[in-house]
Amino acid sequence: VQLVESGGGLVQAGGSLRLSCAASGFVFDEHTIGWFRQVPGKEREGVSCIDSSDGSTYYTDDVKGRFTISTDNAKKKVYLQMNGLKPEDTAVYYCAAECLDGLVSAVDYWGQGTQVTVSS
């Protein structure tokens, strides 16, 4: 199983970024996939999850209304559209499967992470 993230970078507060995660090595629509983030010195936290079989989603309260998760099942990709970014969104973002209500303990596979930095 391999999860490869892309799309991170530096953006000003209020700006947007789209993260992508390319999945391989498993049947894509049989898994819940999503995004976690971690700031140095803090615990990794769940940001958003999606069940590609039925489209059901999870968002942590901090990002509701600003972030949107989606999938392209044919390409085996998961996207996280991040709008209205805030400095507190700065973190390393990880793609992960299984992503169940943002629980770190449920994750079986992790990507390598991509840095998102939001300047004030």
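Predicted model: local features only at pLDDT ≥ 70, side-chain atom pairs only at ≥ 80, totals over all residues.
**Strand pairing**

Strand E1, which spans residues 2–6, is antiparallel to strand E3 and is joined to E3 by five bridges. Within this pair, Gln-2 lies opposite Ser-24 of E3. Strand E3 also runs antiparallel to strand E8, with six bridges between them. Here Ala-22 has Lys-77 of E8 as its bridge partner.

In soluble globular proteins, nonpolar side chains tend to be buried together. The largest nonpolar core of this model has 26 residues, and the members that touch the most others are Trp-35, Phe-67, Val-78, Leu-80, Met-82 and Tyr-93. At least two residues of this core come from each of the strands E3 (17–24), E4 (32–38), E5 (45–51), E7 (67–72), E8 (77–82), E9 (91–97) and E11 (114–119). Another core, of five residues, lies apart from it and includes Phe-36, Ala-96, Cys-99 and Val-107.

**Glu-5**

Glu-5 belongs to strand E1. Glu-5 is buried but forms no salt bridge. The side chain of Glu-5 does reach two backbone nitrogens, as the table shows.

| Side chain | Backbone nitrogen | Distance |
|---|---|---|
| Glu-5 | Gln-112 | 3.0 Å |
| Glu-5 | Gly-113 | 3.0 Å |

Beyond its neighbours up to four places away in sequence, Glu-5 touches several residues, among them Ser-20, Cys-21, Trp-35, Tyr-93, Cys-95 and Thr-114. Of these, Trp-35 and Tyr-93 are also members of the largest nonpolar core.

How values were computed: Residues numbered from 1 in each chain as written. Heavy atoms only, no water. Core = buried A, V, L, I, M, F, W, Y, C linked by side-chain atoms within 4.5 Å. Buried < 20%, exposed > 50% of the residue type's maximum accessible area, 1.4 Å probe, protein only. Helix = DSSP H or I, 4+ residues; strand = E, 2+ residues; numbered from the N terminus. Pairing = 2+ DSSP bridges. Lys, Arg positive; Asp, Glu negative; His and termini not counted. Salt bridge = Lys/Arg side-chain N within 4 Å of Asp/Glu carboxyl O. Polar contact = N/O pair within 3.5 Å; in protein donor to acceptor, adjacent residues only side chain to side chain. Contact = heavy atoms within 4.5 Å.
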